[in-house]
Structure formats: structure tokens, C-alpha cells
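Student: Can you walk me through this model? Keep it quick.

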Amino acid sequence: MEGTETTIEQEIGGLKNDALRFGLQGVKSDIVGSHPLESSYHSASIREEKMKRKILANTYGSAFPLKMELDRKILSRFQRPPGPIPSSMLGLESMTGALENFGVEDYLNDPRDSETVRPADMHHGLEVRLGLSKGPVCPSFM
């Protein structure tokens with residue numbers, strides 16, 4: 001009997017059922033896809049990014065878009081640990097031109113300041129980042 005450990009599975013049917021950490025599961029988000037306008041916007045932005053890469057390759061050579069992609073990957077990995085101060089990703093935003101975009105959160109409010117946002121669990125966020133746990137780093141809304 002010694003040396004044998006019993007483990008209790010956290011996943012039932014491939015879904016996370018930890019309601020205390022991730023909240024109650026919604027069926028609507030699993031069934032309904034994204035809005036058609038959102039999907040067309042996403043595909044247009046991907047198409048625009050490919051065109052920009054092709055123009056840069058034709059203008060500056062094929063190594064320049066590869067260098068920019070490497071810089072983008074490096075800047076996207078740099079983040080603060082999860083906690084009360086969110087990661088601003090200022091380097092990535094300046095490289096991609098996202099600083100010039102005026103989004104909803106700029107004139108209404110930051111969604112993280114809402115009353116329905118759960119506070120970040122720092123321990124769980126670091127466990128996910130280190131690969132010790134599964135799930136989102138921070139469940140955003142209740």
C-alpha cells in the first residue's frame with residue numbers, strides 16, 4: 001500500500017470544472033461563434049499584415065520582415081507577473097502601431113476597472129506560465 005498515490009482528476013470530459021477558479025461554464029460561448037463582422041475584421045487585419053510584410057520584403061530585402069517578426073516575438077514575451085498592475089506591453093504596441101489606435105477602452109473605461117472583473121490570482125497565473133497548471137492565466141469577467 002505504501003508508495004501508491006491516488007489522484008483525483010480535475011477534468012471531466014475534457015472540460016475544466018473548477019468553478020471556484022474559472023467560474024461557471026457557459027454553453028452559449030461554446031455553441032455560438034464570433035460575430036461575422038468580427039471574423040471579417042480579423043481576416044482583413046491578417047491580410048493587411050501579410051501585405052505589409054511583402055512590401056517590406058520587396059523594399060528592404062527578405063531578412064527585414066524576419067527580423068521584425070523576431071523582435072515582435074521577443075517583445076510579446078516580456079510581461080509582468082500577474083497581479084494588481086497589468087502588463088502594458090508598450091514595446092510591442094509601439095512596434096505594431098497599436099499606440100495610434102483609439103479603442104473603446106480609451107474613451108469609455110478600461111475593462112479591468114469594471115466591478116465584474118475578478119481579481120487576478122497571482123499563484124495560479126504563475127503556475128500556468130510555468131506549465132504546472134492549465135487554464136487561463138487570469139479569468140477576466142464573472
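Tutor: Start with contacts, meaning heavy atoms within 4.5 Å. Among those in the chain between residues at least 6 apart in sequence, 45% join residues at least 24 apart. This is a predicted model: local features need pLDDT of at least 70, side-chain atom pairs count only at pLDDT 80 or more, and totals for chains, interfaces and linings use all residues. Residues are numbered from 1 along each chain as its sequence is written, and side-chain values use heavy atoms, with hydrogens and water left out.

Student: In what order do the elements run from the N terminus on?

Tutor: β-β-α-α-α-α-α-α-α. Helices (H or I, at least four residues) and strands (E, at least two) are DSSP runs, numbered from the N terminus.

Student: How much of the chain counts as buried?

Tutor: 11% of the 142 residues. Buried means under 20% relative accessible area, exposed over 50%, partly exposed in between (1.4 Å probe, protein chains only).

Student: Which residues of helix 7 are buried?

Tutor: His124, Gly125 and Val128, in a helix that spans residues 122-130. They sit on the same side of helix 7, because they cover an arc of only 100 degrees around the axis. That arc is taken from the directions from the helix axis to the C-beta atoms.

Student: And what exposed residues does the face turned away carry?

Tutor: His123 and Leu130. Gly131 follows helix 7, with a positive phi near 85 degrees.

Student: New topic. Tyr107: buried or exposed?

Tutor: Exposed, because its relative accessibility is 52%. Tyr107 belongs to helix 6, residues 104-107.
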